[in-house]
Amino acid sequence: MKPSLPLLTTAFVGALIACRIHAPAHADDDLETLEEQQIQAAAASADPSIVRIETAGGVEQVDGLLLGSGPTTGVVISSDGYILTSSFNFAGKPSTVIVSIPGRDRLPARIVATDRLRGLTLLRVEASDLKPIEAAPAGSCKVGQTALALGRTYDPEFPSVSVGVVSALHRIWGKAIQTDAKTSPVNYGGPLVNLRGQAIGVITALAPEESTVAATVEWYDSGIGFAIPVHDALASADRLKSGADIHPGLLGVTFQKGSPLDNVPVVDRVRFGSPAEQAGLKSGDKIVAAEGRAVRRVPQLKQILGAMAAGDAVRLTFERAGANTDVTATLVESLPPYNPPWLGLIAERGPPSPEGVVVRYVFPGSPADQAQLKPGDRIRRVAETAVDHRDALDAVVCRRKPGDSLAIVGSRDGRPIEEAVQLAERPPSLPADIPAASSAVPPADWKLGRRQETFPGHDLEYWIYAPATIGQTRPPALVVFLHPPGDSLEKDLLAAWKPLCDERGVVLLAPLAEKRARWTPGDVESVKNLAAAVRDQYLVDSRRIFVHAAADSAPFALLTTFRHRDVFRGALLFDSAGPRQPPEHDPDSRQSFYFRWSRPQLRTDAATQSLKPLQSQNYPVIVERPATSDDPSANAGYPSSDALSGIGRWIESLDAI
Amino acid sequence: MIRSLLLSMTIFLVASRFGTITVARDNPAAPDNASIVAEAQKKVVKIFGAGGLSGLVAYGSGVIVSPEGHILTVFSHVLDSDVAAVVLHDGRRFAAKTLAADSNLDVALLKIDAVDLPCFPLNDAPLLGPGARVFALSNMFKVATGDEAVSVQRGVVSARSTLSARRGAFSANYKGEILVVDLITNNPGAAGGALVARDGRFVGLLGKELRNMNTETWLNYAIPARVLAPAVDRLISGRGSAASDDPLNSTSLPVAREPQSFGVILVPDVVPKTPAYIDRVLPNSPAAAAGLQPDDLVLFIDDELVPSVRALRASLSRQTGATVRWVVRRGESLVAVKLVLPEKAPSE
């Protein structure tokens, strides 16, 4: 039967209307709902690998920062029980660490090791079949992509979520991803994940200029937070499994100061014994490449070195005199200050001789003494190097370390001798008696005795006493006395020093400040030039020129000593505390210090502590605390000559090796 | 007839192409964020009151919870004067009286003289978890005055947790459930503001400027609506806060809840964080029966970490049940025991 046309049409129209009514409207899933669902799915995906860490014991405060006692966060990185977290979580040095893994009972955990370069700590629990965090593929992390900071501090059931983006890469000297998701002790140690739930980093507490624990957490929840890229963190964890901590690597150079925008990496100083010195870097070298990448500014070099650890080898290219050289330096954990080694003898101070260096005095108990060296021995070779003068012997010894062994070859009474000495550290005291060198006959044209003059070209008045016992075979020492403000102390000084100068061959030089008033920093140059001129005039032993001052003029004396370490080899200070920031000690600028404290104010712990800056840099320091009577008038004024015997022995030993 | 049918078909098809047929679509046009926020802003008020000295600000926020003008806010110094001023989003100014306060929740109920105000129902709150998008509305920093609506921020719920917080040396009263938010709401004037879900429903009341005691960081949180709802009901009806809801006000117990009651003598408490090592176990005590030994380190009381002797004593005093689960560390392993508080404290 043929259907009627009206029926067909109605059916057709009805079908159309039906289709329209029931046409599947596009589910109006807005972007926000999708994003919300994806955030929650990402957190859920990472959830089984995020652990809760609880600690007991330890301190409450570090660097003035009150530490929270609540749980912290960590990530599982391997199924056999290794967990990575932020070192901030252990800033209080807790005695017990407990880890809660989702779905399991709590377990005690052991701290395996800490990466102090990146702020990560590796823990181990006795567990198997743990679910390690899935890492995002290397190189997939892009600036601007969504990043979620997950933590487990608040709720053991589900991680806490903070949403942000990746703000930057290679921050904190090349080490960290920067994010604006909120990072704080709430999620330090937790993963920074992408929208797929894969970890792009491990959240940690870092600060650009890290000095204290408090500084690293100072910027929490501020829109700037840091995470170590996940593959760097996993590589670090592999190293930490051995149990040894990782430390930032040091090279041992400082750079010449340039303008902040044009700071070319030209080496200023190379620390003695540092990796840079061992690689052959010298002052004036310009570093042009590191690890194969060109560097034109110091921050570029720091960006490369700042991510390297102690023990890592860094490839450097430097330019010297127009030629480029490639070297490799192995970075170290610490750069200990120069420690001058001690052989324990005083050599004859004469001109160089091919017969070798003659020993004049051997310090009792010293390495030289233990090697049976005696006064009169001649030393010809030290450690395979021929020496013909005290300075040559000193040059070989001073670049060694205490504990090094040296072979000494020489002769005694014509017979050859060969000894091995083991260098030690210089003792902080002097022997009871050090004989003076024998007198000499001065040349006829030297002006001796006491006289007063003006230093030409410098408008500097001074008086000077040159004893008649000095000469070419007995180079004198030179003491430069800087008088206290208002009083030149000339009479007392000369009375006290004259016997010492005559006996030991010391030239006494006393510049006079304008109107005998206070010394000003502008006088440093003039004083130095005057000392140099006197040194040349009397053939002064350049190893035994020192500055002397009492109380008020001590700061000026120290300023002069430290500013011209090539001229002045030490300072003799009465009643003054030690300098707060002595310059770095190195073999080319060694100095010694003698403190004589007779005032009661200096018989305190604070005074002894004031010597710590010098002692921590291994400058030889001698302190004399003479007995004082209760009568204050007896302590006033300059000491008498009897009181200077210790000082005399010190002057004698200034060039001891 | 065919022609008329074909004509109607054509009109039908053409019209449907241009969408003029009002066929019901599956989803009506969803309101956008702007309109949701605009609606919600009408229900958040600016409160001005006492303060302005010693770093205490004289302003805050509140939410309208009834059409006749009940306003819920945090209980703070702003309400110290007899009458506070409440300013609505459109600039209408009212004098508000403090009706009642709930010291457990640290909230207060104000009343203004108005009718037909838009308000937040407290019983309609969705249950949101971490990652859920939320808006925070508040008069932070007193940026809004007069007829300006309060400020809006957008973020997500960070976590659900319980409050363990302090302001200075004083710990907060409320120790119940909170929503931690991934937003900076810890700002002057924000407390008492509203946390709303994406669809505009009220989720929680923004909390005070407190520090989280567990992490020593500033806390951004809200008190959930489902915790507020029964309390606000009571406050509106004048019944005051119920003591039974407050675990801190539990009735006194027959035996003092101390470690000694269980038979545990701890090491002397000499430093602020002395670890809770067991020094001795009293004979014939629950601890002895359960096998606790000297040198065991007590770590958890009923799943709460006790990192020090002090924390252990505080935790025990908060317990209400007679059976307490202790977890101790013995060597490299953790041992869990259940101790029942005896009727009589064991003697030494």
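**Note on cavities and ring contacts**

1. The second largest cavity is lined by 18 residues, and those nearest its centre are Tyr154(A), Val186(A), Asp221(A), Ser158(B) and Val180(B). Two or more lining residues come from each of strand 10 (160–170) of chain A and strand 11 (177–182) and strand 15 (217–219) of chain B. The volume of this second largest cavity is about 150 Å³, and its lining divides into 8 nonpolar, 7 polar and 3 charged residues. Please bear in mind that the model is predicted.

2. The count of cavities of 30 Å³ or more comes to 5, and the largest cavity has a volume of about 240 Å³. Among the 18 residues lining the largest cavity, Pro340(A), Arg426(A), Arg543(A), Arg590(A) and Ala656(A) are the closest to its centre. Helix 9 of chain A gives the largest share of this lining, 3 residues, and by class the lining of the largest cavity holds 10 nonpolar, 3 polar and 5 charged residues.

3. Over all chains, the whole structure contains 15 aromatic pairs. In one of them, the ring centres of Phe120(B) and Phe202(B) are 5.1 Å apart and the planes lie at 35°, so the pair counts as tilted. This pair links distant parts of the chain, 82 residues apart, with Phe120(B) in the loop between strand 6 (107–111) and strand 7 (133–138) of chain B and Phe202(B) in strand 13 (residues 202–206) of chain B. Phe120(B) is buried, with a relative accessible area of 1%, and Phe202(B) is buried, also with a relative accessible area of 1%.

4. In chain A, ring pairs link Trp342(A), Tyr361(A) and Phe363(A) into a cluster. The charged end of Arg124(A) sits over the ring of Tyr82(A), 4.4 Å from its centre, while that of Arg596(A) sits over the ring of Phe574(A), 5.7 Å from its centre.

How values were computed: Residues numbered from 1 in each chain as written. Chains lettered and ligands numbered in written order. Predicted model: local features only at pLDDT ≥ 70, side-chain atom pairs only at ≥ 80, totals over all residues. Heavy atoms only, no water. Phe/Tyr/Trp six-rings, centres within 6.5 Å; stacked < 30°, edge-to-face > 60°. Helix = DSSP H or I, 4+ residues; strand = E, 2+ residues; numbered from the N terminus. Buried < 20%, exposed > 50% of the residue type's maximum accessible area, 1.4 Å probe, protein only. Lys NZ or Arg CZ within 6 Å of the ring centre and 35° of its normal. 1 Å grid on protein atoms, 1.4 Å probe; cavity = no way out; pocket = protein on both sides within 12 Å on 5 of 7 lines; lining within 4 Å. Points joined across faces, edges and corners; volume = space filled by probe spheres on them. Nonpolar A, V, L, I, M, F, W, Y, C, P; charged D, E, K, R; others polar.
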